[in-house]
Amino acid sequence: MSTVVLDLISSALRLINVLADGEVASASMAQDALFVMQSMVDSWQAERLMIFNIPRNVYNLTAGQQTYNLGLNPPNAWDFNAPRPARIERMGIIFLGNVAQPLELPMDYLTVAQWQAIPVKNITSSLPQYCWDDENFPFRGLNFWPIPNVANQVAIYPWTAITTPATLTTQLAFPPGYLQAFRYNLAVMLRSEEHTSELQS
């Protein structure tokens, strides 16, 4: 399913009777609605029900390195150059002893308290068992324990959500069922914006 942002905005505005059938939103109204839509999609990044894809991304580890930065297009390339996800669902360590049939083992995702409770953090091993994510921005700092002493790989399963629309002409693509969610949720937020403006005027 795909649609142009302006068409979706116009449909939502008609739902709340701001536009009549066949009427076109003014440039300023459309831009205001685009900002509301961008805010809505941004908030969806942290909602599990709005996540339609959890891919498996594989990255190389470096022997002796404990902390790896995950982020996109930095001034200096991060270790894992990919969009920073709102959340990482799962992780696994990939043992490359048999390259033809690599073995993936689950890795526990630690809380701050669990990471703090590890008394000696510079122990090394060929297979790290734990990862603490500092959830930094614009990159996430992923800290592995024990520190890998072999160049194996790590599999990261991040949340992938709808891309935030950049312009009114952006073509949105999403799975079946999302069009109605977009129209009605955007209509509710636009109606709230309109009501707030009326109260302030």
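Colleague: Which residue stands opposite Gly-71 in β4?

Modeller: Asn-81 in β4 is opposite Gly-71. Keep in mind that this is a predicted model.

Colleague: How many bridges join β3 to β4, and do the strands run parallel or antiparallel?

Modeller: There are two bridges between β3 and β4, and the strands run parallel.

Colleague: And what about β3 and β9, parallel or antiparallel?

Modeller: β3, residues 67-71, and β9, residues 140-145, run antiparallel and are joined by four bridges.

Colleague: Which residues face each other there, say for Thr-67?

Modeller: Thr-67 has Asn-143 of β9 as its bridge partner. Tyr-68 is opposite Leu-142 in β9, and Leu-70 is opposite Arg-140 in β9.

Colleague: How many residues of β9 are buried?

Modeller: Six of the six residues in β9 are buried, so the strand counts as mostly covered.

Colleague: Which residues of β9 point which way?

Modeller: Arg-140, Leu-142 and Phe-144 point one way from β9, while Gly-141, Asn-143 and Trp-145 point the other way. Residues on both sides are buried.

Colleague: What about β8 and β9, how do they pair?

Modeller: β8, residues 130-133, pairs with β9 in the antiparallel sense, over four bridges. In that pairing, Cys-131 is opposite Phe-144 of β9.

Colleague: How many residues lie between β8 and β9 in the hairpin?

Modeller: Six residues lie between them. Glu-135, in the turn, has a positive phi of about 55°.

Colleague: Zooming out, in what order do the strands sit in the sheet?

Modeller: The open sheet has eight strands in the order β2-β11-β5-β6-β8-β9-β3-β4, with mixed pairing.

Colleague: Which strands are at the edges?

Modeller: β2 (57-60) and β4 (80-81) are at the edges. Each has a single partner strand, so one side of each has no neighbour in the sheet.

Colleague: Change of topic, the helices. At what angle do the axes of α1 and α2 cross?

Modeller: The axes of α1 and α2 cross at roughly 95° and come within 10 Å. Angles of 65 to 115 degrees count as roughly perpendicular, and α1 and α2 are therefore roughly perpendicular to each other.

Colleague: Which residues meet there?

Modeller: From α1, Val-5, Leu-6, Leu-8, Ile-9 and Leu-13 meet Met-29, Ala-30, Ala-33, Leu-34 and Met-37 of α2. The contact of α1 with α2 has 10 nonpolar residues, no polar and no charged.

Colleague: How many residues are in the largest nonpolar core?

Modeller: The largest nonpolar core has 26 residues, and those with the most contacts inside it are Ile-9, Met-37, Phe-182, Leu-186 and Leu-190. The elements giving two or more residues to this core are α1 (5-15), α2 (27-44) and α4 (178-200). The largest share, eight residues, comes from α2.

Colleague: What does Phe-182 touch?

Modeller: Leaving out residues up to four places away in sequence, Phe-182 touches Leu-8, Met-37, Met-40, Val-41, Trp-44, Ile-162, Leu-172 and Phe-174.

Colleague: And how many residues are in the other core?

Modeller: The other core, which lies apart from the largest one, has 15 residues, among them Phe-80, Ala-82, Ile-88 and Ile-156.

Terms used
Residues numbered from 1 in each chain as written. Predicted model: local features only at pLDDT ≥ 70, side-chain atom pairs only at ≥ 80, totals over all residues. Heavy atoms only, no water. Core = buried A, V, L, I, M, F, W, Y, C linked by side-chain atoms within 4.5 Å. Buried < 20%, exposed > 50% of the residue type's maximum accessible area, 1.4 Å probe, protein only. Contact = heavy atoms within 4.5 Å. Pairing = 2+ DSSP bridges. Axes fitted to C-alpha atoms, helices over the stretch in contact; angles between N-to-C directions. Parallel < 35°, antiparallel > 145°, perpendicular 65-115°, else oblique. Nonpolar A, V, L, I, M, F, W, Y, C, P; charged D, E, K, R; others polar.
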